[in-house]
Amino acid sequence: MIPPSEAGAGAAPRPREVWIDAARCIAMFFIIWLHTGKSPAWNSDLVGGALCLFFVFAGYFMPQQAGRCAARALRMLWLWVLWSLLSAGLYMLTKQGAVWSWERLVGLGDDAYNTPLWFLRNLAVYQLLVAGMLALRLLPRHAWIVVALLAAFAYTCEHSQHTTIRFDWMVAFVLGTALRTSVAPEVLSSWLRSHALVLTVAIAILLVQIHALPALGRSLDMAVRVCSLPVESLAYTILYSLAAMALVRWLPRMAAAMAASGRCMIFCYITHSFALAVFYNYPQIDFARNIWVPALLLFLLTGLYGALNCLFPRAMRFLFSC
């Protein structure tokens, strides 16, 4: 996921859209909260939207040149390998007598345990596939056709996202790519801002139908998504964006602080599970459902990212400009 200023090769730098980084930060908050094991049940639906948001934005800011896209995918694969080795080493140190396995090393399979690794793995694969589509000229010209085909044929729910490479999330990734071919960042911002109230009301009605009327919700969900990405995930993705825009308007300082965190979301996504390992050893910690943990971790991990960026600027730029 790259910033808007890096989106086009040779293009004049655009000012960053603060709401995009703020939306990423809000989404990461709910992901970390879910991983504490103490969040309410409804947070699972919000996290589905958070993942959708990350994949849509990753596709939206993906370079439109096959070579640059492939280069970013290879960097993501390298990052996956590095963190896989680190996570396997930490596991072997903290789990005495545990049987070592390749599944633990790469975060893939029934014995996988480190959830951020599936995200890196899938994102790298999606980037490579998009690079191939760009080389074959299927993208960006036929982006919406590719989205429709993926929605029709790429869905699977037989295996969890941690045990195999599921291509249902690629619909969100390519959807972002297709959206970028039609709408520039500043136009998207203006459109969302202009239709914020209508979108919020429409999404609220949709979510009430899906959750309060399960039969109607399921039929509506299947009718709209064909057989792939759940409608509620897209709905929550838009709500994250609208919430971030509201913060930019009404609480600009808070939005700016969140945007500063949002710029290093790949780093936060990878590292937060290691930080949460401390809480897993103390299950009795349950203060206000641990809602304070995401805010604390985002603050600490953003600070750590900044420190590492000062000490190793080239390495951090190489790894985390994906």
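Is Asn 290 buried or exposed? At 2% relative accessibility, Asn 290 counts as buried; the legends below place this residue and others in the structure.

The model is predicted, so local features need pLDDT of at least 70 and side-chain atom pairs count only at pLDDT 80 or more, while totals for chains, interfaces and linings use all residues. Residues are numbered from 1 along each chain as its sequence is written, and side-chain values use heavy atoms, with hydrogens and water left out.

**Figure 1. Overview of the protein chain.** The protein chain has 15 helices and zero strands. Helices (H or I, at least four residues) and strands (E, at least two) are DSSP runs, numbered from the N terminus. Of the 322 residues, 48% are buried. Buried means under 20% relative accessible area, exposed over 50%, and partly exposed in between (1.4 Å probe, protein chains only). Among contacts with a separation of 6 or more, 78% join residues 24 or more positions apart; contact means heavy atoms within 4.5 Å.

**Figure 2. Packing of helix α1 on helix α2.** Two packed helices are described by the angle between their axes and the distance between the axes. Helix α1 (residues 18-35) and helix α2 (residues 43-60) have axes that come within 9 Å and cross at roughly 140 degrees. Axes are lines fitted to C-alpha atoms, for helices over the stretch in contact, and angles run from 0 to 180 degrees between N-to-C directions. α1 and α2 are therefore oblique to each other; angles under 35 degrees count as roughly parallel, over 145 as roughly antiparallel, 65 to 115 as roughly perpendicular and the rest as oblique. The crossing of α1 past α2 is left-handed, meaning that the near helix is turned anticlockwise from the far one by less than a right angle (clockwise for right-handed). Residues of α1 in the contact include Trp 19, Ile 20, Phe 30 and Trp 33, and those of α2 include Leu 46, Val 47, Phe 54 and Phe 57. By class, this contact of α1 with α2 has 16 nonpolar, two polar and one charged residues. Ala, Val, Leu, Ile, Met, Phe, Trp, Tyr, Cys and Pro count as nonpolar, Asp, Glu, Lys and Arg as charged, and the others, Gly among them, as polar.

**Figure 3. Packing of helix α11 on helix α12.** The axes of helix α11 (residues 231-250) and helix α12 (residues 252-262) are 5 Å apart, at an angle of about 130 degrees. That makes α11 oblique to α12. Leu 247, Val 248, Arg 249 and Trp 250 of α11 meet Pro 252, Met 254, Ala 255 and Met 258 of α12. The contact of α11 with α12 divides into seven nonpolar, no polar and one charged residues.

**Figure 4. Aromatic pairs.** The structure holds 20 aromatic pairs. Rings of Phe, Tyr and Trp (its six-membered ring) pair if their centres lie within 6.5 Å; planes under 30 degrees apart count as stacked, over 60 as edge-to-face and the rest as tilted. Phe 57 and Phe 61 form a tilted pair, 6.4 Å centre to centre with 45 degrees between the planes, and both Phe 57 and Phe 61 are buried. The rings of Phe 267 and Tyr 305 have centres 5.5 Å apart and planes at 55 degrees, so this pair is tilted as well. It links distant parts of the chain, with Phe 267 in helix α13 (residues 265-280) and Tyr 305 in helix α14 (residues 292-311), 38 residues apart. Phe 267 is buried at a relative accessible area of 4%, and Tyr 305 counts as buried at 16%. Ring pairs also link Phe 54, Phe 55, Trp 118, Phe 119, Tyr 126, Trp 169, Phe 173 and Tyr 269 into a cluster.

**Figure 5. Surroundings of Gly 176.** Gly 176 lies in helix α7 (residues 168-182) and counts as buried at 0% relative accessibility. Leaving out residues up to four places away in sequence, Gly 176 touches Val 56, Gly 59 and Tyr 60.

Figure 6. Most residues other than glycine have a negative phi, and most peptide bonds are trans. The peptide bond from Leu 139 to Pro 140 is cis, with omega near 0 degrees, and Pro 140 is in the loop between α5 (116-135) and α6. Arg 137, also in the loop between α5 and α6, has a positive phi near 65 degrees and counts as exposed at 66% relative accessibility. Asn 290, in the loop between α13 and α14, has a positive phi of about 60 degrees although it is not a glycine.
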